[in-house]
Amino acid sequence: MCTDTSTIVSRHTTSEGVVVWSRCACGRLRMRLVPYGVDGKALAAGGHGTRRPHRAR
């Protein structure tokens, strides 16, 4: 079972914001783009926050 504990693997600045790669205790990798400015919303991929598409049987 995974916990919410994660370790930052790398952090890179880009023209759009800061890209942060982190790894969960279970080994899942997650990427977040944290945009510059106060009104931007973070974009995330991977990790536990993503939902798998429902597949019909």
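Predicted model: local features only at pLDDT ≥ 70, side-chain atom pairs only at ≥ 80, totals over all residues.
View 1. Strands are DSSP runs (E, at least two residues) and helices are DSSP runs (H or I, at least four), numbered from the N terminus.

**View 2. The pairing of strand 1 with strand 2.** Strand 1 and strand 2 (residues 17-24) pair in the antiparallel sense over seven bridges; two strands count as paired if DSSP finds at least two bridges between them. Within this pair, Thr-7 stands opposite Arg-23 of strand 2. Strands of a sheet pair through backbone hydrogen bonds, either parallel or antiparallel.

**View 3. The chain as a whole.** The chain has four strands and zero helices, and its elements run β-β-β-β from the N terminus on. Of its 57 residues, 12% are buried (under 20% relative accessible area, 1.4 Å probe, protein chains only). The chain exposes about 5100 Å², of which carbon and sulfur atoms supply 53%; accessible areas come from the Shrake-Rupley method with a 1.4 Å probe. Among contacts (heavy atoms within 4.5 Å) between residues at least 6 apart in sequence, 5% join residues at least 24 apart.

**Notes to all views.** Residues are numbered from 1 along each chain as its sequence is written, and side-chain values use heavy atoms, with hydrogens and water left out. Local features need pLDDT of at least 70 and side-chain atom pairs count only at pLDDT 80 or more, whereas totals for chains, interfaces and linings use all residues.

Technical notes. Buried < 20%, exposed > 50% of the residue type's maximum accessible area, 1.4 Å probe, protein only.
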